Amino acid sequence: DVHLMLSDPLAYIPVFATAGADALTVHAESADVCRALSLIRQNGVRCGLSIRPKTDVETVKALLPLTDLILIMTVEPGYGGQKLMPECADKIAALRQLGYSGCIMVDGGVNLDNSAMLADKGADVLVLGTAFFRAEDREYVAKYIHHLGEKM
């Protein structure tokens, strides 16, 4: 699963698909997003769309049928260790209310304190970076998150 947080993802879609990625995600806010989603599909991998914190779910409604997964960014992309913006978690329910049945992933500030809330809201996949790599007991963190996954 590769999140192409690039200004021009079109040049890299075939490269990552050929390298073995089974899912490619592009930002809804990037130029030529429809073309990028089409190219991902043409390369035979799962098609993902990332939504930044300030982007309203309604603005991507027409793109939802073109995707297999939605990645909700709960921090502004750029660096690790940021705190989750709790209002972004409401996008999970908003997507489901729009009828989205694909996979919903959450990335940005996910940790042991907020992961259960995100799972309860309907997230399918939680992406942990800093919370995992800076944890004193990574095995515990992994088991905790996987246990939540059994409930998701």
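These are my notebook entries on a predicted model.

**Ground rules.** I number residues from 1 along each chain as its sequence is written. Because the model is predicted, local features need pLDDT of at least 70 and side-chain atom pairs count only at pLDDT 80 or more, while totals for chains, interfaces and linings use all residues, and side-chain values use heavy atoms, with hydrogens and water left out.

**Sheet.** I looked up the strand order. Six strands make an open sheet, ordered β1-β2-β3-β4-β5-β6, with parallel pairing. β1 (2–4) and β6 (125–127) are at the edges with a single partner strand each, so one side of each has no neighbour in the sheet. From one strand to the next the twist averages 25 degrees. For the terms, I take helices (H or I, at least four residues) and strands (E, at least two) as DSSP runs, numbered from the N terminus. Two strands count as paired if DSSP finds at least two bridges between them.

**β4 and its partners.** I then went through the pairings of β4. Strand β3 (residues 46–51) pairs with β4 (residues 69–73) in the parallel sense, over four bridges. I51 is opposite I72, and G48 has L69 as its bridge partner. On to β5 (residues 103–107): five bridges join this strand to β4, and the two run parallel. There L71 stands opposite M105.

I checked the cover on β4 next. Five of its five residues are buried. Buried here means under 20% relative accessible area, exposed means over 50%, and partly exposed is in between (1.4 Å probe, protein chains only). L69, L71 and M73 point one way from β4, I70 and I72 the other way, and all are buried. I note the general rule: in a regular strand the side chains alternate between the two faces of the sheet.

**Helix α2.** Which residues of α2 are buried? I find V33, A36, L37, L39 and I40. Down the axis of α2 these buried residues fall within an arc of 160 degrees, so they line one face of the helix. The arc is taken over the directions from the helix axis to the C-beta atoms. On the other side of α2, R35 and Q42 are exposed.

What do the buried residues of α2 pack against? They pack against α1 (13–19), β2 and β3. Contact means heavy atoms within 4.5 Å. G44 follows α2, with a positive phi near 75 degrees.

**Cores.** I looked for nonpolar cores, meaning sets of buried Ala, Val, Leu, Ile, Met, Phe, Trp, Tyr and Cys residues joined through side-chain atoms within 4.5 Å. The largest has 39 residues, and those with the most contacts inside it are I13, L24, L49, I70, L95, L118 and L126. Its largest share, five residues, comes from α2. Leaving aside neighbours within four places in sequence, I13 is in contact with L4, L24, A36, L39, I40 and N43.

**Cysteines.** How many disulfides does the whole structure hold? The search finds zero. A disulfide is a pair of cysteine sulfur atoms within 2.5 Å. C47 is buried, at a relative accessible area of 0%. C103 is in no disulfide either, and its nearest cysteine sulfur, that of C47, is 13 Å away. C103 also counts as buried, at 18% relative accessibility.

**Two loop aspartates.** D124 lies in the loop between α4 (115–121) and β6. It is partly exposed, with a relative accessible area of 31%. The C-alpha atoms of D124 and C103 are separated by 5.9 Å, and the two residues are 21 residues apart along the chain.

D32 sits in the loop between β2 and α2. Its phi is positive, about 55 degrees, although D32 is not a glycine. At 44% relative accessibility, D32 counts as partly exposed.

How values were computed. Axes are lines fitted to C-alpha atoms, for helices over the stretch in contact, and angles run from 0 to 180 degrees between N-to-C directions.
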